[in-house]
Amino acid sequence: MRKRIANWKVKENITFNQSYCLLKLTSEDEPFPEFLPGQFVQVRIGHSESAFLRRPISVHYVDEKHGELWLLVQIVGTGTRYLSSLQPEDSLNLIYPLGNGFSIPDQPDKGKKLLLIGGGIGSAPLLYLGTYLKERGFTPTFLLGARTERDLLQLKEFNKLGIVYITTESGSAGEKGYVVDHSLLRKRDAGFIYTCGPNLMMLSVARYARENGIPCEVSLENRMACGIGACLCCVERTIYGNTCVCTKGPVFNIDELTWQI
């Protein structure tokens, strides 16, 4: 898939709370560029001497009909604060599409769930994955976890795609605890698991998947400065040796990783 560098225009910047915002970007590219669920973009941060490196951000949603790319941003530092300050008609320079995406089954298996597990901002790539699956005849099941109810984002959009289960560490919404503690997992009826979130969460999900013989893919969130495998910031140990997550991932089957699970 050919990589591009281009300016995108901010159509809308929606602030959810002081920690999260949603950027809706439009492109003048014709035809509209193809994105696969699980891929990401590298965003250039303007007007900041302390944020000269691009920021990797997951593809949250793609609306080809309206020519929109959605990026869900967690506001944690100088670069993301800059992104949260953007206004309609502002320009944002992207490198895209980057990385390899999630595997998509050939056809639905009515007896097995496609289970999409997200923790915190790790839910971001799962919205587009769920949309992609829905368009191909699947009904995804979501298990979304967060610290508190205010950290649960885009629930209305997720509910349009399938059944949504929730956990919060505070107990302010859904079941109290972590995603791997949710009662849904006791049924062990998932045919495939996709997950993205904090590393410890993904390790726990991967352990659950292995113990129950369920194929599982994880979207790693290693620090990625260049997005093209040049800086070696995002190297991960795999069964094939050290691998750049930005070029060989960010999605990996758990059997490819050397995690101690």
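In the predicted model, strand 4 contributes the largest share of the lining of the largest pocket, namely four residues. This strand, which spans 55–58, is one of several elements that each supply at least two residues to that lining, the others being strand 6 (68–74), helix 1 (78–84) and helix 2 (124–135). The pocket holds about 820 Å³ of space, and its lining comprises 29 residues, among which Arg-55, Pro-56, Ile-57, Glu-221 and Asn-222 lie nearest the centre. When the lining of the largest pocket is divided by class, 15 residues are nonpolar, ten are polar and four are charged.

The second largest pocket has a volume of about 480 Å³. Of the 23 residues that line this second pocket, Gly-119, Gly-120, Arg-147, Glu-169 and Pro-198 are the closest to its centre. Two elements, strand 9 (141–146) and helix 4 (199–211), each provide at least two residues of the lining of the second largest pocket, and the largest share, three residues, comes from helix 4. By class, the lining of the second largest pocket consists of nine nonpolar, ten polar and four charged residues.

Methods
Residues are numbered from 1 along each chain as its sequence is written. This is a predicted model: local features need pLDDT of at least 70, side-chain atom pairs count only at pLDDT 80 or more; totals for chains, interfaces and linings use all residues. Side-chain values use heavy atoms; hydrogens and water are left out. On a 1 Å grid over the protein atoms alone, a cavity is a set of points where a 1.4 Å probe fits but cannot get out, and a pocket is an open set with protein on both sides within 12 Å along at least five of seven lines; lining residues have an atom within 4 Å of a point. Grid points are joined across faces, edges and corners, and a volume is the space filled by probe spheres set on the points. Ala, Val, Leu, Ile, Met, Phe, Trp, Tyr, Cys and Pro count as nonpolar, Asp, Glu, Lys and Arg as charged, and the others, Gly among them, as polar.
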